[in-house]
Amino acid sequence: MDSFSKFSWTLIIVLTIAFGIHIFILDQLELPLFDNRIIVAYLANCFLALAIYLSLFLLKNKMSEQIGFLYMGGSFVKFLFFFIFFYPSYKLDGGLDSLEFAAFFVPYVISLILETLGVIEFLKK
Amino acid sequence: MQSKFLVKFLTITVLVFSFHLNAQSEEHEGTPEQFDIKTEIKESINHHIQDSYDFIFFSDTEKNKHYGFSLPVILIDEGFHLFSSSKFHHGETVAESNGKYYKLYHNKIYRTDAEGTLSLDEHQHPTNIKPLDFSITKGVFMIMITGVLMLLLFVGLARSFGKGPIAKGAGRFFEPIIIYIRDDIARPNIGETKYKKYMPYLLTVFFFVWFLNLFGLTPLGVNVTGNIAVTFALAVLTFIITQFSGNKNYWKHIFWMPGVPVPMKFILAPIELLGVFIKPFALMIRLYANIMAGHVVLMSIIALVFIFQNWIGGALSLFLAFFLSIIELLVAALQAYIFTLLSALYFGFAVEEHGLEDEH
């Protein structure tokens, strides 16, 4: 199994487990389960992480010196994505509350950690 | 040739703006407000440290007269709007442009109705639409002047070498500074083989910050490097150049620090990653805070004359202001030096090649 397939499976499994835990916590706290575009947020973070990792995977030899810069650029793209597609809808009711913040940033942080581990693998080679 | 052009440029600038100066010195209608001295001092200091839409040299608050010149206001608000800041009459009137009305309130432009009505929220902040503002403010104007000045000085310096090995005119003063930046900042921090490509940025940033710091010490009342937006832009440039220059070793030292036990690597990675952002952030705050604090302290000491209103207070204020101004002259150069040195240091970290010494 190449490193991209390994990363993809790990990311999908970890995000699925995190989504389950997230929904379970919301259920226990008697909060709305599928509000705040939570499904879209998990899917978007998953696809963006896969796209960023694929870019790093394809460019790891050609741009081995700039691999960290590409990783940082990827994180910037994700932030941009959040501010263009998620933030305006979260702001409609006045402000960004903790549930809205968690809906986007829980999958964001998880995929960021996995991306970072992926970059470390490339840097170690 | 260069000096002739400089004389022509300065003459035209003075003539153009002196026309506006006359236009601005008209007397404004209305009863002048009575300020108590402390409020007036506070307002004067605030006015000095903030950016503005016109270039005011001095004001006569009793007659409500302002001596200076207007600058162009450029707004994007459902179309392009360009008009002179004199239309605001220092915030007293509503400016009309292409059928839309704008009011200056606390140094910010808001879209209003023809009467200039501002709707304020519970915190007394206007809720009116704020247009996208690309105006040539006092700070932007001074940045342009500094840019032109640097271009004239250094193009002249470069050209003077075509005529012989020794710089001429002002170049004789600046050449040793350029050599100092190359030999004592760039070379030791970036390395002999890689320093050259960073020299244009390091020299530009040093002289840009230094000249603007010095302009801030003149009675022109400019405070460009004490504006956090300017220091932010400079820090972002250093950040981008550093990250773009970063080699594999640089990134490895951030994400997977060599030579430390594995558990420590996991602790160090987020700290190092934070450091990537903290370094330019510190650059931004350091320059901004030092210059801003210098201006506020100097202005406050000068203001002691008006608070004491006797010869002891006046003399004390004069002496303190004089010595502080000398210290500020040093700070102006020192802050430019520190910004340049730290930028060079960060570039050095980014391009440093690590050998076997990492494997300890």
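## Chain A: order of elements

From the N terminus on, the elements of chain A run α-α-α-α. That comes to 4 helices and 0 strands. Helices (H or I, at least four residues) and strands (E, at least two) are DSSP runs, numbered from the N terminus. This is a predicted model: local features need pLDDT of at least 70, side-chain atom pairs count only at pLDDT 80 or more, and totals for chains, interfaces and linings use all residues. Residues are numbered from 1 along each chain as its sequence is written, while chains are lettered from A and ligands numbered from 1 in the order in which they are written.

The C-alpha trace of chain A spans about 50 × 30 × 15 Å along its principal axes. Chain A has 125 residues, and 28% of them are buried. A residue is buried if 20 or more other C-beta atoms lie within 10 Å of its own, exposed if 12 or fewer, and partly exposed in between, with C-beta atoms placed from the backbone. Contacts are counted between residues whose C-beta atoms, placed from the backbone, lie within 7 Å. Of the contacts in chain A with a separation of 6 or more, 80% join residues 24 or more positions apart.

## A:Phe57 in helix H2

Helix H2 of chain A covers residues 38–59 and contains A:Phe57. A:Phe57 has 15 other C-beta atoms within 10 Å, so it is partly exposed. Leaving out residues up to four places away in sequence, A:Phe57 touches A:Ser3 and A:Phe4. A:Ser3 lies 54 residues from A:Phe57 in sequence, yet their C-alpha atoms are 8.1 Å apart.

## Where the chains touch

The contact takes 11 residues from chain A and 11 residues from chain B. On the side of chain A that touches chain B, the elements giving two or more residues are helix H3 (67–91) and helix H4 (98–124) of chain A. H4(A) gives the most to this side, with 5 residues.

The chain A side divides into 6 nonpolar, 3 polar and 2 charged residues. Here Ala, Val, Leu, Ile, Met, Phe, Trp, Tyr, Cys and Pro count as nonpolar, Asp, Glu, Lys and Arg as charged, and the others, Gly among them, as polar.

## Chain B: overall layout

Chain B has 9 helices and 8 strands. Of its 360 residues, 29% count as buried. Residues 24 or more positions apart account for 58% of the contacts in chain B with a separation of 6 or more.

The domain assignment of chain B gives domain 1 (72–135) and domain 2 (140–359). Such bounds come from an automatic or database domain assignment. The C-alpha centres of domain 1 and domain 2 of chain B lie 35 Å apart.

## Strands of chain B

Strand E3 (residues 72–76) and strand E4 (residues 80–84) of chain B pair in the antiparallel sense over 5 bridges. Two strands pair if DSSP finds at least two bridges between them. B:Val73 has B:Phe83 in E4(B) as its bridge partner. The hairpin of E3(B) and E4(B) has 3 residues between the strands, and B:Glu78 takes a positive phi near 50° there.

E5(B) and strand E6 (residues 100–105) of chain B run antiparallel and are joined by 3 bridges. B:Ser97 stands opposite B:Lys100 in E6(B).

The largest nonpolar core has 80 residues. A nonpolar core is a set of buried Ala, Val, Leu, Ile, Met, Phe, Trp, Tyr and Cys residues joined through C-beta atoms within 7 Å. Those with the most contacts inside this core are B:Ala186, B:Leu202, B:Phe206 and B:Val209. The core draws at least three residues from each of domain 1 (72–135) and domain 2 (140–359) of chain B. Not counting residues up to four places away in sequence, B:Leu202 touches B:Ile181, B:Ile185, B:Ala186, B:Thr340, B:Ser343 and B:Ala344.

B:His253 is found in helix H7 (residues 248–255) of chain B. B:His253 counts as buried because it has 21 C-beta neighbours inside 10 Å. B:His253 and B:Ala350 are 97 residues apart along the chain, and their C-alpha atoms are separated by 9.8 Å.

Terms used: Two residues are in contact if their C-beta atoms, placed from the backbone, lie within 7 Å.
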